[in-house]
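Reader: I'd like to learn how to read a protein model. Could you walk me through this one?

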Amino acid sequence: MVIKTENLNFYFGNQPVIKSLALQVPEGSIFGFLGPNGAGKTTTIKLLLNLLKLQEGSISIFGHELLSNRLEILRQIGSLIEQPAIYTHLTGKENLINRARLLEVPVDRADDMLKLVGLNDAGLKKAGNYSLGMKQRLGIGLALLANPKLLILDEPTNGLDPNGIIEVRELLIKLAKEEGKTVFVSSHMLAEVERMATHVGIINRGELVFQGSIQDLESISQPMVQVETDNTADAANYLKRNGYEIGHVTDSFITLPFTSKDNTATINAALHNNGHRIYSIGKVQKDLEQLFLNITQKS
Ligand SMILES: Nc1ncnc2c1ncn2[C@@H]1O[C@H](COP(=O)(O)OP(=O)(O)OP(=O)(O)O)[C@@H](O)[C@H]1O
């Protein structure tokens with residue numbers, strides 16, 4: 001595990017904000033750290049980066065205790081919290097060169113980073129004229145200058161337009177796949193991370209309510225059969241009388257738990273034989289956004 005926390009608790013005054021958090025972030029993963037506003041994501045990230053003082057529990061990163069190996073560990077982490085610290089009167093490249101000097105890494109890394117984050121053509125433009133997505137990518141480039149093994153990003157797509165979100169998402173996928181980085185990325189929108197994350201942790205009111213691979217998350221979302229038919233109320237009643245459990249009925253659709261392909265065919269035939277017109281029928285996976293809402297609202 002690249003990140004492992006055990007029994008992590010954190011209080012602001014008397015208010016418990018992080019409760020017994022046990023994170024497990026595998027190497028090479030893109031770990032989507034999800035939770036609604038105020039759930040404790042930024043607090044967790046600040047604890048991981050030692051920007052907040054550890055109160056209870058333990059944090060190990062790269063297999064070593066954070067507190068006793070602080071400098072060595074933090075040197076191998078690139079991070080971006082909220083807005084990237086960018087000088088708007090300097091070009092993208094100058095921003096990178098500045099930071100490279102500060103970090104004492106070769107200044108020619110600036111060009112490598114521009115290329116890596118797709119800002120090659122904009123490197124000589126003032127960063128103040130960049131779109132939000134470009135600024136975010138420059139911020140990620142800055143975080144990558146020292147070639148860290150782990151990137152920790154707090155809501156990097158917050159406030160971006162759909163194009164900016166896609167740009168950042170594609171960059172993060174490339175960093176994990178081609179550069180072998182582990183990416184820990186927080187978001188309050190499942191839809192923003194579900195297309196890139198390999199693993200997900202869902203935090204709600206300071207508690208980790210789900211952790212696992214994206215496939216694990218999908219598998220707890222029950223598949224359903226969705227039938228598009230005329231007179232759905234009648235059709236649903238007919239199915240109910242014949243022993244089917246009905247999930248949801250709208251003017252156009254009936255949804256009921258999926259059991260097998262054969263069973264779907266049986267439902268189709270039964271409705272048809274009963275005089276209903278079937279416009280479409282098929283298996284649908286309950287969408288992850290709904291699942292996320294269910295998980296975070298239940299607890
Ligand atoms: N400096 C602070 N002093 C007191 N309470 C704080 C402080 N910072 C955060 N909190 C509280 O701690 C809780 C967790 O906040 P945190 O910023 O970690 O949540 P978050 O999941 O990152 O939310 P968001 O997506 O809104 O940033 C919230 O209830 C917040 O009000």
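Reader: In what sense do E4 and E10 pair, and over how many bridges?

Author: Two ground rules before that one. Residues are numbered from 1 along each chain as its sequence is written. This is a predicted model, where local features need pLDDT of at least 70, side-chain atom pairs count only at pLDDT 80 or more, and totals for chains, interfaces and linings use all residues. Now the names: helices (H or I, at least four residues) and strands (E, at least two) are DSSP runs, numbered from the N terminus. Two strands pair if DSSP finds at least two bridges between them. Here E4 and E10 pair in the parallel sense, over four bridges. For instance, Phe 31 has His 199 in E10 as its bridge partner.

Reader: Which strand does E4 join by five bridges?

Author: That is E9, and E4 and E9 run parallel. In that pairing, Gly 32 has Val 185 of E9 as its bridge partner.

Reader: What is the order of strands in the open sheet?

Author: The order is E7-E8-E9-E4-E10-E11, six strands with mixed pairing. At the edges sit strand E7 (77–81) and strand E11 (207–213), each pairing on one side only. Neighbouring strands of this sheet are turned by 10 degrees against each other on average, direction ignored. For angles like this, axes are lines fitted to C-alpha atoms (for helices over the stretch in contact), and angles run from 0 to 180 degrees between N-to-C directions. As for the antiparallel sense, E10 (residues 199–204) pairs that way with E11 over six bridges. Val 200 has Gly 212 in E11 as its bridge partner.

Reader: How many residues of E4 are buried?

Author: A residue is buried if 20 or more other C-beta atoms lie within 10 Å of its own, exposed if 12 or fewer, and partly exposed in between, with C-beta atoms placed from the backbone. In E4, five of its five residues are buried.

Reader: Which residues of E4 lie on one side and which on the other?

Author: In a regular strand the side chains alternate between the two faces of the sheet. In E4, Ile 30, Gly 32 and Leu 34 are on one side, Phe 31 and Phe 33 are on the other, and all of them are buried.

Reader: Which strands does helix H1 lie across?

Author: Contact is the idea to know here: two residues are in contact if their C-beta atoms, placed from the backbone, lie within 7 Å. Helix H1 (residues 41–48) lies across E4, E7, E8, E9 and E10, and runs at about 150 degrees to E8. Helix H6 (residues 162–177) lies across E4, E8 and E9, at about 155 degrees to E9.

Reader: Which residues surround the ligand?

Author: A residue is near a molecule or strand if its C-beta atom, placed from the backbone, lies within 6 Å of it. Around the ligand you'll find, among them, Phe 12, Val 17, Lys 41, Thr 42, Thr 43 and His 188. H1 gives the largest share of that shell, three residues.

Reader: How many residues of the shell are nonpolar, polar and charged?

Author: For sorting, Ala, Val, Leu, Ile, Met, Phe, Trp, Tyr, Cys and Pro count as nonpolar, Asp, Glu, Lys and Arg as charged, and the others, Gly among them, as polar. The shell has three nonpolar, seven polar and one charged.

Reader: What about E1: which way do E1 and E5 pair?

Author: E1 (residues 3–12) and E5 pair in the antiparallel sense, over five bridges. Ile 3 stands opposite Ile 61 in E5. E1 also runs antiparallel to E2 (residues 15–21), joined by four bridges. Their hairpin has two residues between the strands, and Gly 13 there takes a positive phi near 65 degrees.

Reader: Why does Glu 56 count as exposed?

Author: Glu 56 lies in E5 (residues 56–61). Glu 56 counts as exposed because there are 12 C-beta neighbours inside 10 Å. Leaving aside its neighbours within four places in sequence, Glu 56 is in contact with Asn 7 and Asn 9.

Reader: How many helices and strands does the chain have?

Author: The chain has 11 helices and 15 strands. Of its 299 residues, 36% count as buried.
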